[in-house]
Amino acid sequence: MARRCALTMLVGLSEILSVLALVGFSAVTLWLLARPAARMAVLMPAPRILMLAAAATALWCAALALFAPGSSQALVAQALRDLAMLGWLSATFWSPAAPMSRPLRLILRMLMTICVLTLVLGVVAHWRAGTQAESWMTPTLTFAAMIVATGGLLIVDSGVRHASAGLRMPMMAVAGGFAMLWAYELNVQLIGALTGKTASTLIALLPAVVLLMLPTYVVAAMDIGRERMRLSRTAAMRTLILIGGAAYLVLIGLTGAIARLVGGDYAELAQGASLVVALGAGGLLIVSARARAWLTVMISKHFFEHRYDYRAEWMRFTATLGQGVQGDGSEDDRNLHRRVAKALAELTGSPGALLMLPDAAGSFRVAEQWHWPVDVDADDATLSLRSAFMLQETRHIVDLDAQRRGPKGEDPAGDDLAIPAWLVGDPRAWVVVPILHFQRMIAVVVLHRPPVSRALDWEDLDVLRIAGQQAASYLAESQSQEALSEARRFDEFNRRFAFIMHDIKNLASQIGLLARNAERHADKPEFRADMVETLKISAGRLSDLLVRLAPRARGARAEAAKVLIEPILNDIAAEVRPQRELFVGCQSGLLAWGDAASVRQIVQHLVANAIDASEPGAPVQIVAVSEHGRVRVDVIDQGSGMTRGFIRDELFKPFVSTKDGGFGLGAFEALQIAQGMGGAIDVESEPGRGSSFTLWLPLADAPEGVVGGTTMMKVASK
């Protein structure tokens with residue numbers, strides 16, 4: 001009587017659980033249907049198939065509620081559920097870019113075929129024979145369900161191992177729910193097959209297992225965790241201690257039970273031996289530091305997982321840098337800059353990246369993007385010289401979320417990095433990674449925010465820093481090849497200078513003719529005046545040719561020293577006094593670190609360009625101050641100005657000139673000299689409003705007896 005009452009209660013509980021599962025999966029199906037398609041496509045590869053799997057599970061739960069678990073009708077509905085689950089696994093864990101292996105694809109097709117045949121035959125049999133078909137259909141459907149459950153577990157295991165690094169953790173949870181349900185059903189069916197009796201209690205509790213799987217559908221469609229769920233070190237250590245204690249108690253219990261079965265006094269002996277072993281192990285750990293260290297290393301090595309699979313990530317990173325993913329010579333494979341951006345983005349799971357390279361003036365501009373089109377104007381998407389200096393000196397990987405929140409505590413970035421407003425204001429920008437090669441920043445990579453944002457930790461920073469160094473070697477090699485190509489162009493340019501020798505020959509002929517005429521007309525005042533004027537012009541032209549022909553001795557480079565800026569500016573102002581009015585303003589005692597002759601040559605060139613670009617009588621100004629630990633020399637004119645495109649693409653390029661007959665080497669050489677002294681040249685200009693050239697040089701300490709204040713000395717050259 002009591003047994004019958006218990007069975008009645010179990011059947012009632014199973015019906016209640018089946019109805020709850022039906023309501024739950026129906027609600028989840030409607031919720032998944034109402035979710036935005038674009039958002040679901042970001043969260044998972046196959047959202048619609050997951051919705052179909054939830055609907056098929058709801059239909060199966062309805063069969064459980066109407067016909068009871070284990071019935072032939074429920075097994076027919078289970079075939080539809082298994083078909084949807086297998087379809088979701090196939091679409092989620094494999095893709096055309098990473099296809100399923102041929103043997104596994106054959107197994108999947110066989111399982112789907114069994115599900116389709118089971119569904120069709122079951123529906124036809126129940127439609128034709130009704131309840132009479134249950135007696136002979138149930139064993140067939142049960143055997144088919146066992147095959148599908150076994151194959152489904154194989155598909156889940158292969159899929160998780162195939163794509164675990166690239167999918168969010170909730171996707172793994174859904175697959176785990178499928179595996180749990182199939183394992184439970186297979187266990188129930190195996191018990192019945194081995195014992196010859198139906199495991200009615202386990203079959204009745206099947207709706208409870210289905211309810212445990214329901215939350216995984218909800219979590220999969222929510223915008224949470226790409227990261228794996230991990231215990232903290234403290235919690236994990238305590239858990240391991242509890243598990244060890246439980247294992248010790250179980251071992252003692254088993255030892256005592258075996259000793260009682262054998263008989264004699266072995267029980268007390270076993271208990272005593274276990275106590276001695278436990279006390280000895282505990283004492284060893286307390287006394288020996290080496291034993292504690294060994295145990296800590298073993299636990300850390302075998303029980304804790306890093307964020308990255310370093311071997312797989314590094315192999316993929318180097319393969320992407322070396323030849324890209326395709327390896328077939330496609331555009332991505334040929335574009336090294338895009339490969340660098342892609343390789344760094346894939347390390348952190350970022351969907352896109354920008355790569356910025358230095359322009360001729362030293363500022364960094366967006367040169368390439370991977371899955372991230374730049375919305376701002378190309379002239380505004382830059383990294384200033386000051387920010388480039390600070391990133392190079394600090395080698396700091398910038399978390400832009402921390403920059404947006406503002407400096408807190410001991411943030412090493414602070415306000416000194418001067419990250420541009422367009423980058424801070426773009427919510428897609430997540431991390432700024434400087435690419436350094438032998439302490440010289442040759443590129444900057446901006447990583448796109450991952451689908452599920454997270455804070456950077458030490459492991460992210462270490463991986464990005466090491467990967468950046470590896471990428472820098474590839475970029476440096478590419479730049480060396482470009483420099484070699486440019487050197488060949490310079491060789492060709494030097495060969496062109498042979499034509500200048502023709503001008504020198506003409507000058508020599510002119511001077512020779514003048515010397516011969518002097519023998520006959522030297523006593524005439526008019527001839528002497530013309531001769532002096534001609535000699536001056538010829539000497540000037542010859543000097544210009546010699547200056548242009550003289551090679552710059554880069555091998556015997558002048559040693560850097562402290563250079564007082566004010567005398568240089570005053571001398572240049574005196575030199576150009578016959579040509580133009582020049583206003584000079586210089587901070588008192590301003591010292592730069594460099595070569596005085598090189599500084600003079602750069603400023604002379606900038607002043608000459610300013611005079612050439614200005615109308616006669618228009619003023620030209622030179623202002624020199626110290627700023628941000630560097631010397632800043634501004635040459636300002638009110639001339640015709642230049643466009644942004646010309647400044648960016650042509651101003652500092654060799655062989656580009658706006659002057660008739662010019663070779664386009666003046667600005668290029670000035671920039672090279674400045675960079676050789678550790679400086680740079682920055683330009684601001686607008687057409688019709690003049691130009692401002694800024695020479696940046698390293699700041700030197702003031703000598704004794706010179707007070708470096710902010711007093712400005714102004715000299716007017718008339």
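User: Which residue lies over the face of Phe389, and at what distance from the ring centre?
Analyst: Arg630 does, at 3.9 Å from the ring centre. A charge sits over a ring if NZ of Lys or CZ of Arg is within 6 Å of the ring centre and within 35 degrees of the ring normal.

User: Before we go on, what kind of model is this?
Analyst: A predicted one: local features need pLDDT of at least 70, side-chain atom pairs count only at pLDDT 80 or more, and totals for chains, interfaces and linings use all residues. Residues are numbered from 1 along each chain as its sequence is written, and side-chain values use heavy atoms, with hydrogens and water left out.

User: Back to Phe389. Which residues of helix α16 are buried?
Analyst: In α16 (residues 385-394), they are Leu385, Ser387, Ala388, Phe389 and Leu391. Buried means under 20% relative accessible area, exposed means over 50%, and partly exposed is in between (1.4 Å probe, protein chains only). Helices (H or I, at least four residues) and strands (E, at least two) are DSSP runs, numbered from the N terminus.

User: What follows α16?
Analyst: Arg395 does, and its phi is positive, near 55 degrees.

User: How many helices and strands does the chain have?
Analyst: It has 25 helices and 14 strands. Of its 718 residues, 40% are buried. The accessible surface comes to about 39,600 Å², with 61% belonging to carbon and sulfur atoms. Those areas come from the Shrake-Rupley method with a 1.4 Å probe; for residues, only the protein chains shown count as cover.

User: New topic. How many salt bridges are there?
Analyst: A search of the whole structure finds 13. A salt bridge is a side-chain nitrogen of Lys or Arg within 4 Å of a carboxyl oxygen of Asp or Glu.

User: What does Glu185 pair with?
Analyst: Arg81, with the closest N and O atoms 2.8 Å apart. Glu185 is in helix α7 (residues 169-195) and Arg81 is in helix α4 (residues 72-93), so the bridge ties together parts 104 residues apart in sequence.

User: Are those two buried or exposed?
Analyst: Glu185 and Arg81 are both buried. Arg81 also lies over the face of Trp60, at 4.3 Å from the ring centre.

User: OK, rings now. How many aromatic pairs are there?
Analyst: The search finds 7. One of them is Phe93 with Trp94, an edge-to-face pair: 6.4 Å centre to centre, 70 degrees between the planes. Rings of Phe, Tyr and Trp (its six-membered ring) pair if their centres lie within 6.5 Å; planes under 30 degrees apart count as stacked, over 60 as edge-to-face and the rest as tilted. Phe93 and Trp94 are both buried.

User: Which residues do ring pairs link into a cluster?
Analyst: Phe25, Trp88, Phe93, Trp94, Phe178, Trp182 and Tyr217.

User: Which residues touch the most other members of the largest nonpolar core?
Analyst: Phe25, Trp60, Trp88, Leu89, Phe178 and Tyr217, out of 59 residues in that core. α7 supplies the largest share of this core, 11 residues. A nonpolar core is a set of buried Ala, Val, Leu, Ile, Met, Phe, Trp, Tyr and Cys residues joined through side-chain atoms within 4.5 Å.

User: What does Phe178 touch?
Analyst: Met85, Trp88, Leu89, Met213 and Tyr217, not counting residues up to four places away in sequence. Contact means heavy atoms within 4.5 Å.

User: Last one: where is Ser14?
Analyst: Ser14 is in helix α1. Ser14 is buried, with a relative accessible area of 4%. Leaving aside neighbours within four places in sequence, Ser14 contacts Pro69, Ala204 and Pro207.
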